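Here is a friendly briefing to read with the model open beside you. Take a topic at a time and follow along in your viewer.

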Amino acid sequence: MTNLPQFSRALLHPRYWGIWFGIGLLYLITLLPYPVIYRLGRGLGQLARRFMKRRVRITRRNLELAFPHKTAEEREYYLEKNFESVGLGLMETGIAWFWPTSRIQRWCDVSGVEQIHAVQAAKRGVLLIGIHFLTLELGARMFGMNTPGIGVYRPNDNPLLDWLQTWGRMRSNKSMIDRKDIKGMIRALKKGEIIWYAPDHDYGPRSSVFVPFFGVDQAATTTGTYTLARMSGAAIVPMVPRRKPDGKGYELIILPAEFSPPLDTPEGTALWMNKIIEQCIMMAPEQYMWLHRRFKTRPEGVPPRY
């Protein structure tokens, strides 16, 4: 298992004081009533849209590529709501890390936990497909409060942020594992553990295949789902953490388990997985992380998409 970062006095060095100030401010905000937090998050997102010009361009381009059949007005609506979701996502990270379990339970509903229990009753590991929604941190906390598992993560280059994100995520999960530790994931799945895994981003050309994703015919897609499921025999269970309308809270929807995913070829598995991811994203498209350059990796000879 990955050696997780530990707190040390070195994290109190003056070079980190600015981050500590931001963390403290976020903590104080999370003490406010949720309707106030909700309004602050939306406002922060609207402000971010004015200043994050590069991310606005990336988001707009992603929406053009993913939804060529929609009108420009429809895509701009998605963009506007997506940046509100960016601001809310920061607040929700604070909620996930700092709220007590009792307060989260008052604002969050969870459905489909029986899907996890069914896989566990069959003595199988659970490859939990966690899409990169902007509610991701809170979704992981909601899931872990019911059925703790092991999160897959990328260590942060900043030691303080690396420790903090691990501390926050460990509030309701068993452990964390580096996303590069494929062997460790397989071992855990074979033992019947739950591994949170996100195969929806562009992770570069290595260990990827080109298959359709939304409106892009050749989208680089990780072969990790194929490798993990084939080597471990785990069942695949998608989940969707989404925000309810008008600041009414959250819901975590755990979708039906797939005990026999298609594992004949990496391409076939990736295509099947992308279809599921599309369905999940369309359950809350404005809350997805469209700021990521999802279509940056392309086959040789295909012109740049950004």
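Which residue in E4 does glycine 151 stand opposite? Glycine 151 faces methionine 176 there. This is a predicted model, in which local features need pLDDT of at least 70, side-chain atom pairs count only at pLDDT 80 or more, and totals for chains, interfaces and linings use all residues. Residues are numbered from 1 along each chain as its sequence is written, and side-chain values use heavy atoms, with hydrogens and water left out. Helices (H or I, at least four residues) and strands (E, at least two) are DSSP runs, numbered from the N terminus.

**The sheet as a whole**

- An open sheet is built from seven strands in the order E1-E9-E8-E2-E5-E3-E4, with mixed pairing; two strands pair if DSSP finds at least two bridges between them.
- Strand E1 (108-111) and strand E4 (175-178) are at the edges with a single partner strand each, so one side of each is left without a neighbour in the sheet.
- From one strand to the next, the twist averages 25°; axes are lines fitted to C-alpha atoms, for helices over the stretch in contact, and angles run from 0 to 180 degrees between N-to-C directions.
- Helix H7 (residues 136-146) packs on the sheet and touches E1, strand E2 (126-130), strand E5 (194-197), strand E8 (235-243) and strand E9 (250-254), where contact means heavy atoms within 4.5 Å.
- The direction of H7 makes about 65° with that of E9.

**Strand by strand**

- Strand E3 (residues 150-153) runs parallel to E4, and four bridges join them.
- E3 also runs parallel to E5, joined by two bridges, and isoleucine 150 stands opposite isoleucine 195 in E5.
- E2 pairs with E5 in the parallel sense over four bridges; here isoleucine 129 is opposite tyrosine 197 of E5.
- Ile194 and Trp196 point one way from E5, Ile195 and Tyr197 point the other way, and all are buried; buried means under 20% relative accessible area, exposed over 50%, and partly exposed in between (1.4 Å probe, protein chains only).
- E2 and E8 are parallel partners over five bridges, and leucine 128 has valine 237 in E8 as its bridge partner.
- E8 is mostly covered, with eight of its nine residues buried.
- E8 and E9 run antiparallel and are joined by five bridges; proline 241 has leucine 252 in E9 as its bridge partner.
- The hairpin of E8 and E9 has six residues between the strands, and aspartate 246 in this hairpin takes a positive phi near 60°.

**Helices H10 and H11**

- In helix H10 (224-232), the buried residues are Gly224, Thr225, Tyr226, Leu228, Ala229 and Ser232.
- These buried residues of H10 pack against E2, helix H9 (182-190), E5, E7, E8 and H11.
- Glycine 233 follows H10 and has a positive phi, near 75°.
- The 16 residues of H11 should span 22 Å at 1.5 Å a residue, and the end C-alpha atoms of H11 are 22 Å apart, which agrees; the expected span is 1.5 Å times one less than the number of residues.
- Buried residues of H11 include Thr269, Ala270, Met273, Asn274 and Ile276.
- Their cover includes E2, strand E6 (208-213), strand E7 (216-222), H10 and E8.

**Cysteines**

- The structure holds zero disulfides, a disulfide being a pair of cysteine sulfur atoms within 2.5 Å.
- Cysteine 108 is in no disulfide; the sulfur of cysteine 280 is 18 Å from that of cysteine 108, its closest cysteine sulfur, and this is too far for a bond.
- Cysteine 108 counts as buried at 11% relative accessibility, and cysteine 280 counts as buried at 1%.

**Histidine 292**

- Histidine 292 lies in the segment after helix H11 (266-281) and is buried, with a relative accessible area of 16%.
- The side chain of histidine 292 reaches the backbone nitrogen of aspartate 202 at 3.1 Å.
- Not counting residues up to four places away in sequence, histidine 292 touches Arg55, Ile58, Asn62, His201, Asp202 and Tyr306.

Key:
A polar contact is a pair of N or O atoms within 3.5 Å; within protein, one must be able to donate a hydrogen and the other to accept it, and residues adjacent in sequence count only if both atoms are side-chain atoms.
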